[in-house]
Amino acid sequence: MEVERDQTVSSPTIPIVDLSNLDKELVARAVVKASHEWGGFQVVNHEIPKELIQSLKKVGTHFFELSSEAEKEAVATPANSKDIQGYVTNSQQDIEDKVNEEYARQVKKLAEKILGWLSEGLGLDREALFNQGFGGGEKAVYTMKINYYPPCRPQANLVLGMQPHTDIHGLTLLVPNEIPGLQVFNDNQWFDVEYNPSVINILIGDPIWRMSNGKYKNVLHRTTLNTEKTRMSWVVLLKPPYDMVIEPLKKHTGDGDEAPKFEPITYGEHVERKVRDKLSKAVMSALLI
């Protein structure tokens, strides 16, 4: 049955991977399969304490409840930050950032574990994606941010908080508040990502898509708004350094029958191209109105 591109369904949803399964080969296969077929999945039993995630959300909510822009700026990054969307906490100025620091420490461990399984799924050493693709522990860039979507009326189901896009960075680890809104595109239709307080959402971005020679999807996703309530999400982004060359990793493409599908390009060049393309599309849309 053909489905219109703007049609949304609620079931089935993206895969859920239980990281507590003692059969780690089974876990690895589930992560690889979900990344290949969907470009995203949810993880449960990820060992990040529930209380820590609750504290993270409390800190972020408090930030957006601050009464003045001056107060917000006191705990936000400077205006020349390279981050495109959301507020990014500054640990030197925000006393509550101890929570963010601990969460960042925990989520970095989770991200590197996921990259290990994805590397093995490409026939590579466990450390290959993290070291060759992101520069390893000394160079890999982690950014934490909060997305804030206030209520929108009327017909919020027709209004997007974030337009359909694939992520410019490599890996996204996301926890939302209880207000649904995240949707992923697969099999020619949009799927609602159901809220579960126990899960962390994992989304594959452009660099891993290129590094895997297209084996892992860079999932197309978007965010819808709610008519009555504010939607928020807490996001950790894993990015290569700007001078890092992103390209299909050699062992995956070097045995003869699969040629590289992507030219080598630095991550900085990739960001510039994508931002330029986005601006060009916005200009063209404005001209057509």
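**Close-up views of a predicted model**

**View 1. Gln183 and its polar side-chain partners**. The side chains of Gln183 and Asp192 are joined by a polar contact of 2.9 Å (a pair of N or O atoms within 3.5 Å; within protein, one must be able to donate a hydrogen and the other to accept it, and residues adjacent in sequence count only if both atoms are side-chain atoms). The model is predicted, so local features need pLDDT of at least 70 and side-chain atom pairs pLDDT 80 or more, whereas totals for chains, interfaces and linings use all residues. Residues are numbered from 1 along each chain as its sequence is written, and side-chain values use heavy atoms, without hydrogens or water. A second polar contact, of 2.6 Å, links the side chain of Gln183 to that of Arg222. Gln183 belongs to strand β7, residues 182–186 (helices, H or I of at least four residues, and strands, E of at least two, are DSSP runs numbered from the N terminus). With a relative accessible area of 6%, Gln183 is buried (under 20%; exposed is over 50% and partly exposed in between, with a 1.4 Å probe and protein chains only).

View 2. Strands of a sheet pair through backbone hydrogen bonds, in either a parallel or an antiparallel sense.

**View 3. Strand β11 and its two partner strands**. On one side, β11 pairs with β6 (residues 171–176) in the antiparallel sense over 6 bridges. Within this pairing, Thr172 stands opposite Leu237, and Pro176 has Ser233 as its bridge partner. Strand β4 also runs antiparallel to β11, and 9 bridges join the two. Here Val141 has Lys239 as its bridge partner. Strand β11 is mostly covered, with 9 of its 9 residues buried. One side carries Arg231, Ser233, Val235, Leu237 and Lys239, the other carries Met232, Trp234, Val236 and Leu238, and all are buried.

**View 4. The surroundings of Ser233**. Ser233 lies in strand β11 (residues 231–239). Is Ser233 buried or exposed? Its relative accessibility is 1%, so Ser233 counts as buried. Leaving aside residues up to four places away in sequence, Ser233 touches Lys145, Ile146, Asn147, Tyr149, Leu174, Val175 and Pro176 (contact means heavy atoms within 4.5 Å).

View 5. Strands β3 and β9 pair in the antiparallel sense over 4 bridges. In this pairing, Gly40 stands opposite Leu203. Strands β6 and β9 likewise pair in the antiparallel sense, over 4 bridges, and Leu171 has Ile204 as its bridge partner. Of the 5 residues of β9, 5 are buried. Ile200, Ile202 and Ile204 lie on one side, while Asn201 and Leu203 lie on the other.

**View 6. Helix α1 and its buried face**. Helix α1 (residues 24–37) has 14 residues and reaches 20 Å from its first C-alpha to its last, close to the expected 20 Å (1.5 Å times one less than the number of residues). Which residues of α1 are buried? They are Val27, Ala28, Val31, Val32, Ala34 and Ser35. Seen down the axis of α1, these residues fall within an arc of 165°, so they line one face of the helix (the arc is that of the directions from the helix axis to the C-beta atoms). The buried residues of α1 pack against β2 (16–18), β3 (40–44), α4 (97–121) and β9 (200–204). At the start of α1, a side-chain oxygen of Asp23 comes to within 3.2 Å of the backbone nitrogen of Glu25. Gly39 follows α1 and has a positive phi, near 80°.

View 7. With 25 residues, α4 reaches 36 Å from its first C-alpha to its last, close to the 36 Å expected. Gly123 follows α4, and its phi is positive, near 80°.

Note on methods
Pairing = 2+ DSSP bridges.
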